[in-house]
Amino acid sequence: MTFERVTKRYADGTVAVDAVSCEIAAGSFVALVGASGSGKSTLLKTVNRLVPPSDGRVLIDGADVSEGPAWQVRRRIGYVFQNVGLFPHLSVAENIALPLKLERRADPARVDALLDTVELPRALGRRMPAELSGGQRQRVGVARALATDPGLLLMDEPFGALDPVTRDALGQAIARLQRERGLTVLMVTHDMAEALLDATRVLVMENGRIAADTSPAALMRGEGGDTAQGLVAVPRAQAERIAALATGGLH
Amino acid sequence: MGDAFARVPALAAQHLLLAMCALVLALGVALPLGWWSARRPRVARVTLGFASLVQTIPSLALLALFYPVLLWVSGVVGGGVPALGFLPALLALTLYALLPIIRNLVTGLTGIDPAVLEAADGVGMTPAQKLRLVEIPLVLPVAMAGIRTAAVWTIGAATLSTTVGQPSLGDLIFAGLQTQAWTLVIAGCVSAAALALGVDALLGLAEHGARTQRGWLTWGAVVALAAATVVASTPLWARGGDRVVVIGAKNFSEQYILARLIGDRLTRAGYTVQYRDGLGSAVAFGAVAGGEIDAYVDYAGTIWAGEMKRADVPPRDVQVRAITEWARAKRGVGLVGSLGFENAYAFAMRGDDARRRGIASLADLAAASPQLKLGADLEFLDRAEWAAIRRAYPMRFAAATPYSPTFMYRALESGRADVISAFSSDGRIAADRLVTLTDPRRAIPGYDAILLVAPKRTKDQRFLAALRPLVGRINVAAMREANYMVDRDANKATPEAAARWLAAKVGL
């Protein structure tokens, strides 16, 4: 996947994404981190055309995503976002099967397999979305995004609304899936700890530009510049305080 | 009671046809408009504002307003647009049905969780799939509630279409109110309510089917509604041809009786007769000129002041000749002749009260007016005659209240009014021991009952031959007695029975 000078300028003149260029190799897990309003979410949405760029272009396997109808591009890309957006009038199984139905290749066995993948009991398929917990709903959202077996998964703060335990478990599950299936994952998060633990590459965004492009290990070594290190400092300081707590150092 | 319900099926059919046509037309306008409004808040402000504004116009007035509008449109396009009957009723009811449909559609569409719409885009739905698989199912319950409200409103308001000459169950209600035949009123109300509940139930069934994904239920209900509408419209296909005549009547007993008297004669002459009862006084002449009705009885003074805008008061025979000339030359309307009696505006008071106050003429009344309360019929205070009377006899009453004719007499009887704008052929004047006041300055024109026919009937000799025997035949005493048979409180006669009695009485 390639971003070529991708720019998003709104009618009021604000620039959300400012001429971003970068290459993402197939099979990598890339975290997009940055403060609110840094343009990370907007950049992600230019990939599946939920946001059309004002300038520049996005290529997948060398093909410009802006060619052809939007729905055609979107069916090849899994999309998971914070508010999940399960269809409230459809059961869990119907929600998961919907992308397959659009492609006219419905397969009941596939729904069970997807429920297994996201570690949900198969019996849940008959429930309605309103009957599920937040974590269960997000797992269904992931299962729906994986239904057509896409090579690329876009995640927009996927676990932002979940409690820390569920959040950690889901993050690890996604990282495992990504490794096992060789998925390319682009995940927007404001949580640097999540980015460091799950991703293989971290892009730090600031004011619509990429301020740092590096690996989690390099970030931990103190590389990547001030903005990136400012973000890394938070989980690091938390970890140190917790460690100190365990040894009784603070008291 | 049986008599009252005998007219229900035919009127209910016309009623249903009108309401369903208005509902379908309203859906055709409101669904795209609501869809558009939900996406553009500025459009929503305009469409919802307009639809709300329409709702604030009383439905009776909205119906009446289409008469001048359609007359004007007809004039602009060079004629041919009917200003009375089905078209104005359809348009008014359609406008009336817009608000609940648009509002609920906008509420439903804007209420869909944006995350759900984002997900629909995200999984790669085409706009059509998004509509079919997500938006329609989610908006359906709210939108259907609006459609059902609109259906019930439309069926209720359709009763008012009687006033613009479109037959409906309102015919029974209006006729019943005017003649105080309460069984007619009940028959009309109960039938309209049953119709509304039936349609609402079928729409509810259709909604239930859609929600539970039982297509047969939805289609069954829709087909049942469509079939009922088609069945209701079958009598209209058979209609037409010169042999079907429509007799108009304004909204009081004498008019109902005379319409039946005319209708009976035309039936015997081989015509199929239909009635348009309860026409507003102002629209009746327009209806005969436009051919929407074939014949009706009006009063010389009404045409003189209302249509010809004349304020002078010539002798009665001169006036009738002038009207005959004018009607033929200006509007093509034929005047068969005077029926032989006058139904003039006559100010009436309780006999004992008039004697005690020493009032015998309009001049006496003017002098005493500041202490008196006037009761008038619904249109009198706005008529040219009232202006002419006040020019001749400057009067200012303590209060002036409009009543429907029946209640106007009640108001005088109970003392809520001291003087009323009565009608000289009314049987209640004698029965209630009222006195009518004289008009020494001749401000009130003559009100000879005159028989008017539509332009297309002025050459129909068989038609005219059936009506000519009525000319000069009906004296005021006979008319009063016939009117009283319908208006009295006990042992009431139907207008049909009173018409048969009157025919026998005057030897027709």
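How is chain B divided into domains? Chain B splits into domain 1 (2–238), domain 2 (244–344 + 446–505) and domain 3 (345–436), with bounds that come from an automatic or database domain assignment.

A word on the model before the close-ups. This is a predicted model, where local features need pLDDT of at least 70, side-chain atom pairs count only at pLDDT 80 or more, and totals for chains, interfaces and linings use all residues. Residues are numbered from 1 along each chain as its sequence is written, while chains are lettered from A and ligands numbered from 1 in the order in which they are written.

**View 1. Domain 1 of chain B meets domain 2 of chain B.** Taken over C-alpha atoms, the centres of these two domains are 36 Å apart. Here 19 residues of domain 1 of chain B are in contact with 20 residues of domain 2 of chain B; contact is counted when two C-beta atoms, placed from the backbone, lie within 7 Å. On the domain 1 side, the elements giving two or more residues are α4 (59–76) and α8 (170–179) of chain B. The largest share, five residues, comes from α8(B). Sorted by class, that side has 11 nonpolar, six polar and two charged residues. The classes work like this: Ala, Val, Leu, Ile, Met, Phe, Trp, Tyr, Cys and Pro count as nonpolar, Asp, Glu, Lys and Arg as charged, and the others, Gly among them, as polar.

View 2. Helices (H or I, at least four residues) and strands (E, at least two) are DSSP runs, numbered from the N terminus. Buried in α22(B) are Pro495(B), Ala498(B), Ala499(B) and Leu502(B). Buried takes 20 or more other C-beta atoms within 10 Å of a residue's own, exposed takes 12 or fewer, and partly exposed is in between, with C-beta atoms placed from the backbone. The cover over these buried residues includes α8, α11 (253–268) and α21 (476–487) of chain B. After α22(B) comes Gly507(B), with a positive phi near 75°.

**View 3. An open sheet in chain A has four strands.** The order is β2-β1-β4-β5, and the pairing is antiparallel. Strands pair if DSSP finds at least two bridges between them. At the edges are β2 (15–23) and β5 (63–64) of chain A, each pairing on one side only. Strand β4 (residues 55–60) of chain A joins β5(A) through two bridges, and Ile60(A) has Ala63(A) as its bridge partner. Look for Ala19(A) in strand β2 of chain A: its phi is positive, about 50°, although Ala19(A) is not a glycine. Ala19(A) counts as partly exposed, because it has 14 C-beta neighbours inside 10 Å.

**View 4. Strand β6 (residues 77–81) of chain A is largely enclosed.** Five of its five residues are buried, so the rest of the structure largely encloses β6(A). Ile77(A), Tyr79(A) and Phe81(A) point one way, and Gly78(A) and Val80(A) the other. Strand β7 (residues 152–156) of chain A runs parallel to β6(A), joined by five bridges; in one of them, Tyr79(A) partners Leu154(A).

**View 5. Glu157(A) sits in the loop between β7 and α6 (164–181) of chain A.** Is Glu157(A) buried or exposed? Glu157(A) is buried, because 20 other C-beta atoms lie within 10 Å. Not counting residues up to four places away in sequence, Glu157(A) touches Gln82(A), Val188(A), Thr189(A) and His190(A). The C-alpha atoms of Glu157(A) and Thr189(A) are separated by 4.8 Å, although these residues are 32 apart along the chain.

**View 6. Chain A and chain B come into contact.** The contact takes 17 residues from chain A and 14 residues from chain B. On the chain A side, α2 (70–74), β6 and α3 (92–102) of chain A give two or more residues. α3(A) gives the most, with three residues.

**View 7. Lys309(B) lies in the loop between α13 (300–307) and α14 (316–331) of chain B.** Lys309(B) is not a glycine, yet has a positive phi of about 55°. With 8 other C-beta atoms within 10 Å, Lys309(B) is exposed.
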